[in-house]
Amino acid sequence: MQEVQVASPDGKIKFTILPNAERLTFTVTMGNTVVIEPSPIVMKVDEYDLSSGVVFNNLERYSIDESYPWYGAHAMAVNRCNGAKLSLTHDLSFISYTLEIRVFNDGVAYRHVIPGEENASRAPDEYSAFVIPDGSTLWYGGLADGHYETEFMKKNISEVRAGEWAGPPLTFKLPLDAGYASITEANLVNYSGMGLEADGRRAWITGLARRLASSLP
């Protein structure tokens, strides 16, 4: 596994996949500021951990620069980013898939594109983490009362206890007034929404629907 870095069009934000074939790991920086510390990617399909023991096959880079009319806060939506498609193979199941990354001037995103037979039943699960820098201040709402429409709590990352749940977006202010960031989700089509579970060690771990209590929204 080689290191792969994707930068925003203005060069300020960088998403880096670290050279660790035993566990896909990423970090996000903004200039000289670390926004997300090295964090593991854990994507499972049919009980196979596709993010551990990966073989790097190919890298395809691309860019997008488009705009289109939109209803909302802005009349014109702008989609401008640099992207990369990492072709990977899991060395145990021999499942080949794509890890796609996009980096914008104001954010980053990644997704897994895992092929399968039409109408076949698959069982995806995810435990990817986001490790937030020490000294950050967080705002987030729990899952038990209204999800993202509940009253948000304000905590220092050191005060977050293991087992706490948050519904995205989870927003945090970096130390030394370095900036703000949010963890959220997008483009959910025929796919589970997620919650975020704290591990008590500054990481928030992705949890899909089956790990959330059935009484939650």
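In the predicted model, the side chains of E100 and Y62 are joined by a polar contact of 2.4 Å. A polar contact is a pair of N or O atoms within 3.5 Å; within protein, one must be able to donate a hydrogen and the other to accept it, and residues adjacent in sequence count only if both atoms are side-chain atoms. The model being a prediction, local features need pLDDT of at least 70 and side-chain atom pairs count only at pLDDT 80 or more, while totals for chains, interfaces and linings use all residues. Residues are numbered from 1 along each chain as its sequence is written, and side-chain values use heavy atoms, with hydrogens and water left out.

E100 is placed in strand β9 (residues 96–104); strands (E, at least two residues) and helices (H or I, at least four) are DSSP runs, numbered from the N terminus. With a relative accessibility of 5%, E100 counts as buried, where buried means under 20% relative accessible area, exposed over 50%, and partly exposed in between (1.4 Å probe, protein chains only). Apart from residues up to four places away in sequence, E100 touches Y62, A84, K85, A109, Y110, R111 and V113, contact being defined as heavy atoms within 4.5 Å.

Side chains of opposite charge can pair when their charged atoms come close. A salt bridge is a side-chain nitrogen of Lys or Arg within 4 Å of a carboxyl oxygen of Asp or Glu, and the whole structure contains 10 of them. One of these joins R80 to D65, with the closest N and O atoms 3.1 Å apart. Because R80 lies in strand β8 (residues 76–90) and D65 in strand β7 (residues 54–69), this pair ties together parts that are 15 residues apart in sequence. R80 is partly exposed at 38% relative accessible area, whereas D65 is exposed at 59%.

E100 also forms a salt bridge with R102, at 3.5 Å from N to O. R102 is partly exposed, its relative accessible area being 27%. A further salt bridge, of 2.5 Å from N to O, is found between the side chains of R211 and E197. This pair links distant parts of the chain, 14 residues apart, with R211 in the segment after β18 (203–208) and E197 in strand β17 (residues 194–198). E197 is partly exposed at 22% relative accessibility. Through salt bridges that share partners, E100, R102 and R111 are joined into one network.

A21 lies in the loop between β2 (13–17) and β3 (25–30) and is partly exposed, at 25% relative accessible area. Beyond its neighbours within four places in sequence, A21 is in contact with M1, S52, G53 and V54.
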